There are 2 protein chains.
Amino acid sequence: MLDGKWFTEIFEESGSAFSLQITDKLYEEQTPYQKIEIFDTTHFGKLMSIDGCVMLSSRDNFIYHEMMSHPALLSCATPEEVLIIGGGDCGTLKEVLKHKAVTHAVQVDIDEGVTRASENYFPELCTSNNDPRAELHFDDGIAWVKNAPAESIDVIIVDSTDPVGPAEGLFTLDFFSDCYRVLRPGGIVIQQSGSPLVCPNEIIDMHKVIRDAGFDSQQTYQFPQCVYPSGWWSATAGGKGIDLSNAVNKVPATLDFDTLFYSIAGHHGAMAIPPFLQALLEDSRKH
Amino acid sequence: MLDGKWFTEIFEESGSAFSLQITDKLYEEQTPYQKIEIFDTTHFGKLMSIDGCVMLSSRDNFIYHEMMSHPALLSCATPEEVLIIGGGDCGTLKEVLKHKAVTHAVQVDIDEGVTRASENYFPELCTSNNDPRAELHFDDGIAWVKNAPAESIDVIIVDSTDPVGPAEGLFTLDFFSDCYRVLRPGGIVIQQSGSPLVCPNEIIDMHKVIRDAGFDSQQTYQFPQCVYPSGWWSATAGGKGIDLSNAVNKVPATLDFDTLFYSIAGHHGAMAIPPFLQALLEDSRKH
């Protein structure tokens, strides 16, 4: 069936698979944490995989990076101090630094190999790495948040792999409790939360952990993401002393930077949780 | 790579492929028009393919069928007379008949085989086939519209396969000009228009053909659709004497029927065309 060269990722829990036609393997590295591979594809530009799972492609990463950044930053009244946990490809950092209000953006990815590979193969994502507001650390994000001073950060973006392997601790109550502590009032944490279609339980679990960590509001944003399971993805945010469902109404009508996917109308749209998911979320709150 | 039994559809024009794990082939029929196959899958329920292309799965067809029906019907002030071209699986018809305003819904699919297969393998989509307002014909939809009286229909839903093979004529200026003629003032035509990510030209072409056919407004609605190329799909509508960009604001705040994906907020969200696509559409209008 798949003649020729293909990269295929199988999603066991949904009995589905996604494949991209590749022309070459450009790079392979086993770091202390994971196996990074870079491929050239016929139609999606470069492809980065980690431990066999698609991380990003040149063609569609703009959607993910914009949606991990702009809804949270624009919902925060004063997004000055931003912490990115993971995000080693630097695409989220680039979007964060489009916001003039940001005075300091710290990125903490455990694996320097991801950033070095991205600099080489996704240089368009790394154009803001030398911004004087940016600070790149290669360190354990969980420990970083644990050791950060209370009420010192405005927005935490958790741009991690899925909740297995090194990223597992980024989905726990302990971690989100630490996030709550280090966020200033009006602060926001956001984390990718999987496919509404094939793993709605990840979204439900994230709402619970965010609620249990003390956050005052939870909000899921959904968006298309071709290379991730089901092509439909989500991020879920927690607000400290802020109602995220209403925060978008305070966003200015026009942006002072360019985007390819994000728009104010799309921000509202991403918050339109389908009735089937809304019912699952409401049901989970009863238990 | 894909060990065991998989159904794989390759999308040549985007160098990508989508696969579902199957347990059984349940049915196969070569009709005068196309080859219909039904499979059982491990996680997506039943799967229908036509000429090797995924048509629908039990698990995610609700999104497509709701988005092909409700935005158009709710944007129309008096959706009484509805014509469905294609739609042989009857899922769109079922959604259309949820609207109490509909007095008559005619479905014209060229291939009776699709409807018979759906009755057997997707009976949940066929529960409204005996509604007294429903009329099923197995006939050429292009000729049907050509022969229909002027200003006799409120909403035309073109629920067809992609613009190759028997459905090719459903994407032409001739066809949309006939749709314009048979629609009443305030009427709407809507047609599936492909993936915003991997085939934005289909959307651009459809805007052009709808504009050239005389329609006063064009509106694309985008939505996730796991089993179609890129997992992100769209439908594009034309309004006759009606501004579709504004019509959603006249929709009542609550629906008097149940949906799984569609909501009024989601209707607005589906209309939030990403900046990259907006730029392509605006550029195409200049030429």
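The points that follow concern a predicted model and are grouped by topic.

For the complex, the predictor reports an ipTM of 0.95 and a pTM of 0.96. In chain A the pLDDT averages 95, and 100% of the residues score at least 70.

**The sheet of chain A**
- An open sheet of seven strands is found in chain A, where the order is β8-β7-β6-β9-β10-β12-β11 and the pairing is mixed.
- Because β8 (134–138) and β11 (217–224) of chain A stand at the edges with a single partner strand each, one side of each is left without a neighbour in the sheet.
- From one strand to the next, the twist averages 15 degrees.
- Within this chain, β6 (residues 81–86) of chain A pairs in the parallel sense with β9 (residues 153–159) of chain A over five bridges, and A:Ile85 has A:Val158 in β9(A) as its bridge partner.

**Helices packed on that sheet**
- Helix α1 (residues 61–75) of chain A packs on the sheet and touches β6, β9, β10 (183–192), β11 and β12 (232–239) of chain A, with its direction making about 160 degrees with that of β9(A).
- Helix α5 (residues 173–182) of chain A also packs on the sheet, where it touches β6, β9 and β10 of chain A, and its direction makes about 145 degrees with that of β10(A).

**A β-α-β unit in chain B**
- Strands β7 (residues 104–109) and β8 (residues 134–138) of chain B run parallel and are joined by five bridges, and B:Val106 has B:Glu135 in β8(B) as its bridge partner.
- Together with helix α3 (residues 112–121) of chain B, β7(B) and β8(B) make a right-handed β-α-β unit.

Key:
Residues are numbered from 1 along each chain as its sequence is written. Chains are lettered from A and ligands numbered from 1 in the order in which they are written. This is a predicted model: local features need pLDDT of at least 70, side-chain atom pairs count only at pLDDT 80 or more; totals for chains, interfaces and linings use all residues. Side-chain values use heavy atoms; hydrogens and water are left out. Two strands pair if DSSP finds at least two bridges between them. Helices (H or I, at least four residues) and strands (E, at least two) are DSSP runs, numbered from the N terminus. A crossover is right-handed if, with the strands pointing away from the viewer, the path from the first strand over the helix to the second runs clockwise. pLDDT is the predictor's confidence in each residue, from 0 to 100. Axes are lines fitted to C-alpha atoms, for helices over the stretch in contact, and angles run from 0 to 180 degrees between N-to-C directions. Contact means heavy atoms within 4.5 Å.
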